[in-house]
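Here's a quick briefing to read alongside the model. Have the sequence and the 3D view open as you go.

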Amino acid sequence: MSRSGPIGDDDIQAFIDGRLAPDRLREVEAFLASEPALRSRIEQQRADVHALRAAAQLRPPEPIPASLRLSEVRRRRAAQTISRYRQLAAGLCLFAVGGLLGAGLVRHQPAPVAARPQMADAVVAFRAFAGRSVDMVEFPAAQVAVMRQMISRHLRQDIVVPDLSGVGLSFRGGRLLASDEGPGGMFVYAGPAGETIAVYVKTLAAARKADLNSRQDGEVTAYFWFTGGLGYAVLGPSTSPYAKRAAEQLSSRE
Amino acid sequence: MLGSVSDLEIEAQIPALRRFARSLARNPDDADELVQDTLLQALSRWRQLRKPGSVRAWLFQILFNLHRTHGRRRQRDLARFDHDDGADHADPSSDQHQALHLGDALSALARLPQDQRIALELVAVQGMTYEEVARVTEVPIGTVMSRLSRARERLRTELEGSNVTPFRRLK
């Protein structure tokens, strides 16, 4: 850890763990020399850390059970996948029968939504509202509570404004949108290089689930996944790694 | 599919993953199930791992996420903590008093609030960097530091067996 300026609690923590850079270590030691009470408290905490580590090491390493061997996990995964394909195949048979019966009706239906590239509406919204300026928002970041309330009412379920500070993105605001499947919304973030990253969420006309996927559309890349009733996309310039990072964080929570 | 080198890299983390899982789950069986689910998910999300050096934090993050999702269903019981029996594994030749103290440290750790306990365990026992802990628990690094600070204060208080006023926060 390298830092400068006044000694903080984070310096003390790094001191206890023995993780300060040599220069900072000298500064912290000089500081502690003038604070004997704090110094002794910290020495005790340091001893506690050593005790914890030593105690954990006293546990003899257990052999890894066969069920946790990767070869075994992979075999089980393959078995699961096969049964999923069997279900899918059965479903397709039913669909084929239904398709024959319904052929006359279907002819006059408009083209299904799925025929468009996935999350095309998200890309359009991103270009219109977030691509040019990070500040084209209805609800600025300070109104995050109002934003949450409005979007939750709009989408008829509790929607939390994602906190992406962990991946280095700062929230700038959001807006309500209409998507091609129903009510939607978009949260806008700024990346470290000033790039705009947006999280797009919409209600799905037909519930579906899908793992994280991505699609590049010109200079914009969308990472998207479906969780049943909701579709999510994280969008950003194709040159920035942040949309992907944010999408991985958010989608792994599902 | 993973190449053979990656397999080795993942398998090398299994003992550490099991230890972490045991500190989260109710019993060793649940813990191993959690590890198994983690490996399953790791195999299907392999392409999402970008930095090859971060296999450990990536696996821990998956495991912790799964725990949180499962955790809402299963009521975790606080008293059960696998490390409680730490002293039982003490080398018979080691100083008895020392062994007791070590066991105390682990059972005191088990009594900390979950967020604090996890932060301290990942740093002190698993030797993770603060950045890795921030990634695994998906909180800003400042939060990791303050959890660590509170965890150590509380651990000390537990070990002293009395309520000692925590030292004043530094400016």
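How many residue pairs are in polar contact across the interface of chain B and chain A? The rule finds 18, both residues of each pair being at pLDDT 80 or more. A polar contact here is a pair of N or O atoms within 3.5 Å; within protein, one must be able to donate a hydrogen and the other to accept it, and residues adjacent in sequence count only if both atoms are side-chain atoms.

Keep in mind that this is a predicted model, where local features need pLDDT of at least 70 and side-chain atom pairs count only at pLDDT 80 or more, while totals for chains, interfaces and linings use all residues. Residues are numbered from 1 along each chain as its sequence is written, chains are lettered from A and ligands numbered from 1 in the order in which they are written, and side-chain values use heavy atoms, with hydrogens and water left out.

- Helices 1 to 8 of chain B each put at least two residues into the side that touches chain A; helices (H or I, at least four residues) and strands (E, at least two) are DSSP runs, numbered from the N terminus.
- Helix 8 of chain B is the top contributor to that side, with ten residues.
- Sorted by class, the side of chain B that touches chain A has 28 nonpolar, twelve polar and 20 charged residues. Nonpolar covers Ala, Val, Leu, Ile, Met, Phe, Trp, Tyr, Cys and Pro, charged covers Asp, Glu, Lys and Arg, and the others, Gly among them, are polar.
- Chain B brings 60 residues to the contact and chain A brings 49 residues, with contact meaning heavy atoms within 4.5 Å.
- The two chains bury about 5,100 Å² between them, 56% of it on carbon and sulfur atoms. Buried area is the accessible area (1.4 Å probe) that two parts lose on being put together, summed over both.

**Salt bridges**

- Over all chains, the structure holds 25 salt bridges, each a side-chain nitrogen of Lys or Arg within 4 Å of a carboxyl oxygen of Asp or Glu.
- Between chain B and chain A the count is five.
- Arg41(A) pairs with Glu160(B) in a salt bridge, with 3.4 Å between the closest N and O atoms.
- Within chain A, Lys202(A) and Asp121(A) form a salt bridge at 2.9 Å, N to O. Lys202(A) sits in strand 4 and Asp121(A) in helix 5 (residues 120–129), so the pair ties together parts that are 81 residues apart in sequence.

**The sheet in chain A**

- Chain A has an open sheet of five strands in the order 1-2-3-4-5, with antiparallel pairing; two strands pair if DSSP finds at least two bridges between them.
- Strand 1 (139–140) and strand 5 (220–237) of chain A are at the edges with a single partner strand each, so one side of each has no neighbour in the sheet.
- Strands 1 and 2 (residues 170–178) of chain A are joined by two bridges, and Pro140(A) stands opposite Gly173(A).
- Eight bridges link strands 2 and 3 of chain A, with Arg175(A) partnered by Met186(A). These two strands form a hairpin with four residues between them, and Gly182(A) in the turn has a positive phi of about 155°.
- Strand 3 (residues 183–190) and strand 4 (residues 196–217) of chain A share seven bridges; Met186(A) is opposite Tyr200(A), and Ala190(A) has Thr196(A) as its bridge partner. Their hairpin has five residues between the strands, with Gly194(A) in the turn at a positive phi of about 85°.
- Strands 4 and 5 of chain A are joined by 14 bridges, and Val201(A) faces Tyr232(A). This hairpin has two residues between the strands, and Gly218(A) in the turn has a positive phi of about 65°.

**Confidence**

- Chain B averages 75, with 68% of the residues at 70 or more. Its pLDDT is below 50 over residues 1–5, where the model has seven contacts beyond near neighbours in sequence.
- Residues 75–98 of chain B are also below 50, with 35 such contacts.

Methods
pLDDT = per-residue confidence, 0-100.
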